[in-house]
Amino acid sequence: MTTFTTVTVVGASLAGLHAARGLRSLGYDGRLVVVGEERHRPYDRPPLSKEFLTGDGDPGEGPGGLALTDPEEEAELDAEWLLGVRAEALDTAAGEIRLTGGRALRTDGVVIATGATPRTLPLPRLDGVHTLRTLDDATRLRAALRAGAARVVVIGAGFIGAEVASSCAALGLDVTVVEAAPLPLVPQLGEEMARVCAGLHARGGATLLCGTGVEGLRGSGRVTGVELTDGRVLPADVVVVGVGVRPVTGWLEGSGLALDDGVRCDAGCVTALPNVVAVGDVARLAQPGTVRTVRAEHWTSGMLQGAVAARNLLAGSTVEPFEALPYFWSDQYGARIQYAGRRAPGDSVRIVEGDPADGGGFLAVYERGGISTAALGIDRPRPFMRLRRELARAPQPAGR
């Protein structure tokens, strides 16, 4: 085991927390520092676009809270929490992380868990225009939706955009979703299944407009409408921009680490420097047996990568690759969508349970050369989880 005096986790996130837990569970008893740009302890992000918006959810502890730790666990973790502090640079030669305010933090081990930040559009800065990534973002959006808003325009029909639209519809608001692509979620699900999921918007009472972009916003000081590239204008009291995220890597420029839409790592979350690992949305991992690299923006990946990265950091090299099957879920308009696997363009789809045409739940598998590569379920949690376990055990076709 490599001996570290100080290990610093940069990012008080789900992935960062699980890396810190992994370090302690593997016997690391040195100084452990967690740096977080937000003022909050680690919290659960998935509810922010769903029940937190529709309810009066408490961001703190308890059954309805978002907190991922409690005082007892924090005491056991025995970490120094530097919250509301941003990492501005990593000097690998000096073994220092430069923080806001000019402070230099000496460290000989680093876990990069800075996650991602929402992409923006070149639009005027008007009140009523929101992005959703953090608890503070969600708190502001929730307040806006309760302050007399009647018409909401969501720009982007990815999973976050669809979940926000679903929450707004559940609040009784008039919701329009604008998607520049001809059909949302095709890269993730393929055209056939993406079309089925797109139909959930109409079922939930929202309007989905595809194949048109956003030209600009209307309003003086506060947004009143969204101008589309096809000439239409959508009245809006609230606009939510959900056009994806980009990894937070700017503070790593000049560090010597390889940056490529994320921090490039081997299959075990280890960078070119064995004392620096990366986890979660910011990590771009090599895929064993292929030339591909993947940056996964999924809750499950962020959670599971922490333990793998901790083991390899303490070992001083990669002794365990991250091989968990990709998995994500999304709750939209009363339906639960679950996906697991590694589909590729050209994979065929076979319905094994239910019928998408009748508007109810179903279970589908993606196949390549007679081998199952992925599974998609809508409102089929038990059979889906069984199929997910089978996929995790089965060999995958070459070239995935």
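Three salt bridges are counted between domain 1 and domain 2, a salt bridge being a side-chain nitrogen of Lys or Arg within 4 Å of a carboxyl oxygen of Asp or Glu. The structure is a predicted model, in which local features need pLDDT of at least 70 and side-chain atom pairs count only at pLDDT 80 or more, while totals for chains, interfaces and linings use all residues. Residues are numbered from 1 along each chain as its sequence is written, and side-chain values use heavy atoms, with hydrogens and water left out. The side chains of Arg 133 and Asp 281 form a salt bridge with an N to O distance of 2.6 Å.

Polar contacts were also counted between domain 1 and domain 2, giving 15 residue pairs, both residues at pLDDT 80 or more. A polar contact is a pair of N or O atoms within 3.5 Å; within protein, one must be able to donate a hydrogen and the other to accept it, and residues adjacent in sequence count only if both atoms are side-chain atoms. On the side of domain 1 that touches domain 2, helix H2 (residues 51-54) gives the most, with three residues. Helices (H or I, at least four residues) and strands (E, at least two) are DSSP runs, numbered from the N terminus.

The domain assignment, which is automatic or from a database, places residues 6-117 + 246-315 in domain 1, 125-243 in domain 2 and 334-393 in domain 3. Contact (heavy atoms within 4.5 Å) takes 19 residues from domain 1 and 16 residues from domain 2. The C-alpha centres of domain 1 and domain 2 are 30 Å apart. About 1,500 Å² is buried between domain 1 and domain 2, with carbon and sulfur atoms giving 56% of this area; buried area is the accessible area (1.4 Å probe) that two parts lose on being put together, summed over both.

An open sheet of five strands is found, with parallel pairing and the order E9-E16-E10-E11-E12. Strand E9 (129-130) and strand E12 (207-210) are at the edges and have a single partner strand each, so one side of each lacks a neighbour in the sheet. Strands are taken to pair if DSSP finds at least two bridges between them. Strand E10 (residues 151-155) and strand E11 (residues 174-179) run parallel and are joined by five bridges. Ile 155 has Val 178 in E11 as its bridge partner.

By the salt-bridge rule, the count comes to 23. The side chains of Arg 195 and Glu 191 form a salt bridge at 2.9 Å, N to O. Arg 195 and Glu 191 are separated by about one helical turn because they are four residues apart in helix H7 (residues 191-203).
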